[in-house]
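Please read it alongside the sequence and the model.

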Amino acid sequence: MTYNRYAVYFVPAPGPLADFGAAWLGWDVITGKTVAPPDVPGLSLPWNELTKTPRKYGLHATIKPPFRLAPGMSADALLAALEAHCKSLAPVTLDGLELAQLGRFLALVPQGDTTALRALAATTVRTLDPFRAPPTEAELNKRRASGLTPHQDALLQEWGYPYVMDQFRCHITLTDKLPKACATQTRNALDPHVTPLIPRPFFVDALCLAGEGDLGRFHLIHRFALSG
């Protein structure tokens, strides 16, 4: 398959959390298949409206945001570079994950000290950046339309994304942006289904190269263990 963009994700390994997340979003990034939604009573909106935007990405935490390949770079070279990079990285142990509201959307966020995870993300962004094509003016304007601080705009220009380095906050997105009351109701409905599935401690022990297909959905290309 030919991919339009690539990204480096943390994707939970196959198991109860990954299975529920794929069903909740309606797209399994690991298998590249649609999945029937779970039965979650008490939702604030129809399921497909809650999950429309994150569905195309699948269950994941972004480590290096989606990018087009730079001229002269190949997918095979990117894959080899990520494999070598992962061999230099040690796994990260978190206390766990919790369902939280970030602004207007719901996500699973790390519990405990995230210093090692933030360092892992930063070094991954730096190491693989030669593979990233510069953003177009339209892409820059789209990011700026959401409102950026001067520092975030500088990060956007340097790294192609405003929420990296010290602005990075690891999260696994579960919903679109929601009205406040809808977010609270959805969180209350979703929490008893997802929280019992989260391992504690929670290990970030692999990174995945993912690619965006022609239909706009991401597919897992390869998972590399962190073995440094």
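## Basis

This is a predicted model, in which local features need pLDDT of at least 70 and side-chain atom pairs count only at pLDDT 80 or more, while totals for chains, interfaces and linings use all residues. Residues are numbered from 1 along each chain as its sequence is written, and side-chain values use heavy atoms, with hydrogens and water left out.

## Packing of α1 with α8

Helix α1 spans residues 16–25 and helix α8 spans residues 180–194; helices are DSSP runs of H or I with at least four residues, numbered from the N terminus. Their axes lie 11 Å apart, at an angle of about 150°. Axes are lines fitted to C-alpha atoms over the stretch in contact, and angles run from 0 to 180 degrees between N-to-C directions.

From α1, residues L17, F20 and W24 meet L190, H193 and V194 of α8, where contact means heavy atoms within 4.5 Å. The residues of this contact comprise five nonpolar, one polar and no charged. Nonpolar denotes Ala, Val, Leu, Ile, Met, Phe, Trp, Tyr, Cys and Pro; charged denotes Asp, Glu, Lys and Arg; the others, Gly among them, are polar.

## Burial of α1

Eight of the ten residues of α1 are buried, that is, under 20% relative accessible area with a 1.4 Å probe, protein chains only. Among them are L17, F20 and W24. After α1 comes G26, with a positive phi near 85°.

## Cysteines

The count of disulfides is zero, a disulfide being a pair of cysteine sulfur atoms within 2.5 Å. For C86, the closest cysteine sulfur, in C208, is 8.5 Å away, too far for a bond. C86 is buried at 0% relative accessible area, and C182 also counts as buried, at 16%.

Definitions and conventions
Helices (H or I, at least four residues) and strands (E, at least two) are DSSP runs, numbered from the N terminus. Buried means under 20% relative accessible area, exposed over 50%, partly exposed in between (1.4 Å probe, protein chains only).
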